[in-house]
Amino acid sequence: MRVLVHTPAPPLARFVERIWYFESALSHHRERILPSGTMQVLINLHEDELRAYHGGPDDPPLVSRGAAVSGPYARPFAIDTAEQRRIAGITFRPGGAAPFLPLPCLEVREQHVALGDVWGTDGAVLRERLLEADSGPAVLATLETVLREWWARGSMPGEGILASIDALDRGQPVADVLDAIGMGHGRFVRGFRAAVGLTPKRFARIRRFRRVLAAVSTGQPAPWAEMAVACGYYDQAHLIRDFRELGGMRPSSYAPRGPGDDTHVVVPA
């Protein structure tokens, strides 16, 4: 397995968590992807296709071109690990995709949208540009160049929306955040959904779930009752309900693919 990760320099670093390159031949066939409340750009360099499974194991996948924007998901879905043989991507911070998208993030929620449909010719030829790169580091450098080309093509979220994203990510209640930024409820929800693709309450719920995944993905035994309270749940039963809805499993069944891959769970054959 070969993984390269790069954090871009400012001003991109405020909105982009990482640029990455992954190369491996995995032995398992499917992985469940758990919701994170964030968005990605995915470029499959092995084949010109991305497959997402939203139904049962025998249901056909939803297929998109090999270069796509992955919108924010509120439910888990599965992927074919053939995609993982050689793939590159951009992972945005919460709300970080908005300055790079010429459309509201809400419009790509729960789907993979071909880059050509989002960025026109620039998006349509990106996969070919990366295929011409002669190394993993060259792929990362090309993606950072592309990000700078796309910078501020979308709508920059206002400081109030950016502050609310950070506060909800830290676990502050939605009502307290709304009071702090001094914005009307309707205007706040509209601005938040445009910047993040999710409602404030749904985003806060997913990010709380994400904090649990980050805390337990080390492989150490988890004191679930203590973890639930520490991460903002009422009790362990509350945490189990979220795991079932957002993760499609019980907490005791959670086993991430590896360190740093806490939203990727191997699906047993």
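Is Gly-191 buried, partly exposed or exposed? In this predicted model, Gly-191 is partly exposed, because its relative accessible area is 25%, and values between 20% and 50% fall in that class. The residue belongs to helix 7, which covers residues 185–196. Gly-191 stands 148 residues from Ile-43 in sequence, and the two C-alpha atoms are 29 Å apart in space.

## The chain as a whole

The secondary structure consists of 10 helices and 11 strands. Along the principal axes, the C-alpha atoms occupy a box of roughly 50 × 45 × 35 Å. The radius of gyration is 18 Å, which agrees with the value near 18 Å that a compact globule of 269 residues would have. Of these 269 residues, 49% count as buried.

Of the contacts between residues at least 6 apart in sequence, 74% join residues at least 24 apart. The chain exposes about 12,400 Å² of surface, and carbon and sulfur atoms supply 51% of that area.

The largest pocket holds about 790 Å³ of space. Its lining comprises 38 residues, and those nearest the centre of the pocket are Arg-18, Gln-40, Thr-91, Thr-263 and His-264. Several elements each supply at least two residues of this lining, among them strand 1 (2–6), strand 4 (40–44), strand 9 (86–92) and helix 8 (200–216). Strand 2 contributes the most, with four residues.

By the rule applied here, there is one cavity of 30 Å³ or more. The largest cavity has a volume of about 30 Å³. Its lining includes Gly-37, Thr-38 and Met-39, a run from Phe-92 to Ala-97, and also Ala-195 and Val-196.

His-238 lies in helix 10, which spans residues 236–247. The relative accessibility of His-238 is 10%, so this residue counts as buried, the limit for that class being under 20%.

Arg-129 is located in helix 3, formed by residues 126–131. Because its relative accessible area is 31%, Arg-129 is classed as partly exposed. When residues up to four places away in sequence are not counted, Arg-129 touches Thr-142, Thr-145, Val-146 and Glu-149. His-112 is 17 residues from Arg-129 in sequence, and their C-alpha atoms are 20 Å apart in space.

## Review of the residues described

His-238 is buried at 10%. Gly-191 is partly exposed at 25%, and Arg-129 is likewise partly exposed at 31%. Their places are helix 10 for His-238, helix 7 for Gly-191 and helix 3 for Arg-129.

Technical notes:
Residues are numbered from 1 along each chain as its sequence is written. This is a predicted model: local features need pLDDT of at least 70, side-chain atom pairs count only at pLDDT 80 or more; totals for chains, interfaces and linings use all residues. Side-chain values use heavy atoms; hydrogens and water are left out. On a 1 Å grid over the protein atoms alone, a cavity is a set of points where a 1.4 Å probe fits but cannot get out, and a pocket is an open set with protein on both sides within 12 Å along at least five of seven lines; lining residues have an atom within 4 Å of a point. Grid points are joined across faces, edges and corners, and a volume is the space filled by probe spheres set on the points. The radius of gyration is taken over C-alpha atoms; the globule rule is 2.2 Å times the number of residues to the power 0.38. Buried means under 20% relative accessible area, exposed over 50%, partly exposed in between (1.4 Å probe, protein chains only). Contact means heavy atoms within 4.5 Å. Accessible areas come from the Shrake-Rupley method with a 1.4 Å probe; for residues, only the protein chains shown count as cover.
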